[in-house]
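User: I'm new to this one and would like a slow walk through it. Could you start with a sheet and then move on to other parts?

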Amino acid sequence: MRTLIKDAYVWSWCAKTVENLKNNKFNYYNGEFKKRDFLVDNNKIILNFNINDEKDINVLSFKDKYIIPGLADSHMHLAWTSEVNEFCDLSYCQDYNDIKNTLQRYYDKKKKESKNNEYKGAIVGLGYKSFNKEGKTILDRFKLDELFENNRVVILSVCLHFAVLNTKALRHYDLLKYENEGTILENVCYYKNENELKNSNLIRGNSVRILNGIIKELLVQDIYLNLLSENLNELLRIEKIKKLINQLIKTGLTSVQTCDQNVGEIYNKLDLQDLLNMRIFHTEFSNFIFEYLFKYYDINENEANCYKHLLNSLQNDKDRNLVIKKLRERFFFYDNQIRNEESNNSYNNKNERSLFNCDRIKFFCDGSLGGKNCAVYKPFKNASDEINANYGDLTEPLLLSDKLKIVKLLNLRMEMHSIGDRCADFILNEVSDVLKNPDRLIIVHAQLLNKNAIEKIKQLKVLISLQPSFLPSDYNYILSYIDNSYRECSYLCKTLMDNNIIISGGSDSPVEVYSPIKGIFDCMFRQVAHVLPLSFIEAAFTDDILVEKKKELDDNIKNIKSIIENSYDEKERLSFAEALAIYTINPAYLVKAEFFNENNKIKLGAIEEDSCADFVVLDKDISKNSEINLLTCRINQVWVDGKVRYSNLACE
């Protein structure tokens with residue numbers, strides 16, 4: 001049935017913005033709310049219509065309501081976010097005592113739930129922030145031993161780039177063999193000097209090396225997957241993902257670009273059963289792709305030249321297209337070309353109404369700012385403000401070139417994690433040498449960028465996926481960890497847009513909250529303190545916390561003037577239209593879904609003739625008095641693909 005949307009104020013991009021987008025110009029965004037009716041016909045928006053008889057049409061009046069295009073999160077971890085509640089949340093802990101008390105409560109809960117009031121399973125903490133306010137490391141292996149000696153303890157950082165394990169966990173995962181005279185393992189950390197040992201009340205004795213319990217990068221991912229398999233079966237994971245998707249929709253999200261480990265099969269199943277309710281654009285981790293190919297070609301992935309060996313195997317394989325087909329089937333890679341092919345195979349027979357898409361893979365090229373292991377040119381400062389020799393880590397320094405060549409042969413797109421300026425330069429140089437003209441390569445985060453990198457991003461037409469809500473979280477890191485000269489080239493927004501670079505907004509949830517309205521607010525005001533909007537509070541919190549969070553919001557609104565005055569680098573603020581663009585039309589470019597190719601009409605991110613019927617109904621004009629209205633607006637309805645996916649009846 002067709003639906004007539006009447007009496008609403010509908011967001012319209014101005015003619016210059018639309019024309020610029022069609023001419024690949026991304027430095028001018030403007031528009032306004034206009035009173036306008038439109039028709040939802042199947043899954044498309046029709047502006048030019050003539051209705052003589054409304055009997056066969058569902059009519060909805062949205063008087064005094066405001067309609068914006070569907071909102072997108074261009075970088076999050078959907079599956080990971082859905083699983084956070086299964087473990088102990090440490091995201092609010094500020095020091096050792098906070099962590100100790102929170103872990104104890106989690107242990108007591110698990111103990112109470114278990115038989116015989118005894119719990120021998122793993123104690124898993126998520127959301128750990130590794131340094132206290134003085135910049136000192138909070139946890140190591142032996143501090144965790146003091147808390148829980150008889151249970152495995154695994155504490156995962158907020159960014160999932162590193163974790164801390166106690167001795168029992170190190171033994172369980174067979175890592176203690178790398179202590180003393182054993183082989184040095186990449187991504188396993190050791191006490192560096194006698195002072196570190198002394199601080200942990202240890203004496204080296206005859207030991208050559210002692211593990212400090214900190215592990216990094218791919219090793220963390222492997223252990224996290226192991227923990228998931230222990231605690232969650234597939235059915236439970238599916239239920240958690242479905243529940244979270246419904247919460248995401250309540251915040252106004254109609255699509256997410258999610259990077260998860262080996263979850264494509266679950267998204268595909270939900271899509272085939274018409275249970276997704278929102279658009280999912282999935283990015284697979286590159287290590288899973290390479291593991292599959294190593295097994296296919298019977299290559300030992302531990303050998304020194306395994307990637308060169310794999311590259312040669314692919315280049316010389318006459319049946320390479322068969323390999324690519326099998327790889328795509330295994331990881332559920334879809335693109336428009338494959339989707340349109342006729343085939344009885346369910347993999348190739350995805351129809352145009354599919355809400356699931358996957359056509360790119362993720363590389364982690366450095367660490368995190370909070371972990372002091374992103375790759376920078378100017379070394380991190382230590383707690384006493386003295387410069388040490390820590391320049392962070394490049395995680396792909398010798399292998400990226402071969403990996404890029406392999407992915408190019410596979411005809412897959414790439415997404416690169418980069419936070420430090422040295423990492424951004426490294427990626428751009430490698431891409432320039434190997435790929436020449438990359439197909440919409442995405443750099444995620446890009447918190448530190450120099451002028452040379454910005455110029456190269458323009459030349460290579462690289463897309464940037466920013467997380468505006470990182471700024472309030474990272475503000476103390478900016479002041480305490482990085483060289484003062486970085487203040488002029490960090491957390492850029494307006495500079496990138498003015499340079500005709502496509503920037504898109506995301507949350508990196510669960511690192512930050514999955515609220516596109518908050519992202520728009522953070523882009524516009526760049527305040528250094530977090531403020532949660534009502535739209536997120538009502539979607540994410542249960543009754544016991546709801547009252548507390550609403551009171552917190554009321555207090556923030558009373559003090560909103562001082563909150564937004566305390567901002568970071570005001571010249572990087574975006575206007576409302578610019579901020580809305582990076583959560584609507586720009587994310588569509590990242591997934592190659594901005595236009596219908598046959599007629600060059602806008603497909604996603606706008607309410608235009610023939611656009612996909614993805615839109616959000618609000619109770620306030622968020623383009624005016626935005627510092628208040630963004631925080632207090634309510635989501636009345638959310639439409640995805642021509643269907644109502646959420647309706648807040650209390651607000652209608």
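**A sheet, a helix and a loop**

Analyst: Strands β4 and β5 pair in the antiparallel sense over three bridges, where strands are DSSP runs of E with at least two residues, helices are runs of H or I with at least four, both numbered from the N terminus, and two strands pair if DSSP finds at least two bridges between them. This is a predicted model, in which local features need pLDDT of at least 70 and side-chain atom pairs count only at pLDDT 80 or more, while totals for chains, interfaces and linings use all residues. Residues are numbered from 1 along each chain as its sequence is written, and side-chain values use heavy atoms, with hydrogens and water left out.

User: Which residue stands opposite V40 in β5?

Analyst: V40 has I45 opposite it in β5. In the hairpin that β4 and β5 make, two residues lie between the strands, and N42 takes a positive phi near 60°.

User: What is the order of the strands in the open sheet?

Analyst: The open sheet has four strands in the order β5-β4-β1-β6, with mixed pairing. Its edge strands are β5 (44-46) and β6 (57-61), each of which pairs on one side only.

User: And how is β1 joined to β4 and β6?

Analyst: β1 runs antiparallel to β4 (residues 38-41), with three bridges joining them, whereas β1 (residues 2-6) and β6 run parallel and are joined by five bridges. I5 has F38 as its bridge partner in β4, and on the β6 side I5 stands opposite L60.

User: Changing topic, which residues of helix α16 are buried?

Analyst: In α16 (residues 451-460), the buried residues are A453, I454, I457 and L460, where buried means under 20% relative accessible area, exposed over 50% and partly exposed in between, using a 1.4 Å probe and protein chains only. They sit on the same side of α16 because they cover an arc of only 135° around the axis, the arc being that of the directions from the helix axis to the C-beta atoms.

User: What covers that side, and what is on the face turned away from it?

Analyst: The cover over the buried residues of α16 includes α15 (421-434), β20 (463-466) and α18 (494-498), with contact meaning heavy atoms within 4.5 Å. On the face turned away from the buried side are the exposed residues K451, N452 and Q459.

User: What happens at the start of α16, and what follows the helix?

Analyst: At the start of α16, a side-chain oxygen of N450 comes to within 3.2 Å of the backbone nitrogen of N452. After α16 comes K461, whose phi is positive, near 55°.

User: Now N373: where does it lie, and is it buried or exposed?

Analyst: N373 lies in the loop between β17 (356-364) and α14 (400-410), and with a relative accessible area of 5% N373 is buried. A polar atom of its side chain lies 2.7 Å from the backbone nitrogen of S368. Leaving aside neighbours within four places in sequence, the residues in contact with N373 are K216, E217, D366, G367, S368, F380, G392 and D393.

User: Stepping back, how many helices and strands does the chain have?

Analyst: The chain has 25 helices and 26 strands, and buried residues make up 60% of its 652 residues. Among contacts between residues at least 6 apart in sequence, 72% join residues at least 24 apart.

Note on methods
Polar contact = N/O pair within 3.5 Å; in protein donor to acceptor, adjacent residues only side chain to side chain.
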